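Hi,

Here is the structure I promised to pass on. Have a look at it first, and my notes follow below.

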Amino acid sequence: TLLRALAEWLGPVPQAVVRLPDGEAGSRWREQTRALGAKGLRVLAIDEAVRDLPGLLSARVPLPGGVAYVCTALECLAPVREPEELPAAIAGRRPGM
């Protein structure tokens, strides 16, 4: 949309790579990624079983219970270990969220 293009032009948009675990923990992560994706944020959810990822994605390793890597441009936060903390981590990287 036009508003999304303007937001990206005004400043870098945070992105999250989420490594999804199996089971209940995976369901909690999926719920957060869907909600953030519905807000137009870039969230890439990758199952923990997926290996041999290209480029920098290969550095986003899965951790027990799941993990999210939140980056803006070339700067990344410490890994987010709880799905409920993901919206706040992204909001802290994006003005006006």
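A word on terms before the notes: helices (H or I, at least four residues) and strands (E, at least two) are DSSP runs, numbered from the N terminus. Keep in mind that this is a predicted model, where local features need pLDDT of at least 70, side-chain atom pairs count only at pLDDT 80 or more, and totals for chains, interfaces and linings use all residues. Residues are numbered from 1 along each chain as its sequence is written, and side-chain values use heavy atoms, with hydrogens and water left out.

I'd start with helix H2, residues 23-38. Its 16 residues reach 23 Å from first C-alpha to last, close to the 22 Å expected (1.5 Å times one less than the number of residues). Gly26, Trp29, Gln32, Thr33 and Leu36 are buried in H2 (under 20% relative accessible area; exposed is over 50%, partly exposed in between, with a 1.4 Å probe and protein chains only). Down the helix axis these buried residues fall within an arc of 125°, so they line one face of H2 (the arc is that of the directions from the axis to the C-beta atoms). Turned away from that side are the exposed Glu24, Glu31, Arg34 and Ala38. After H2 comes Gly40, with a positive phi near 90°.

Now the sheet: 4 strands make an open one, ordered S2-S1-S3-S4, with mixed pairing (two strands pair if DSSP finds at least two bridges between them). S2 and S4 (75-76) are at the edges with a single partner strand each, so one side of each has no neighbour in the sheet. S3 and S4 pair antiparallel over 2 bridges, and Thr72 stands opposite Glu75 in S4.

Cheers
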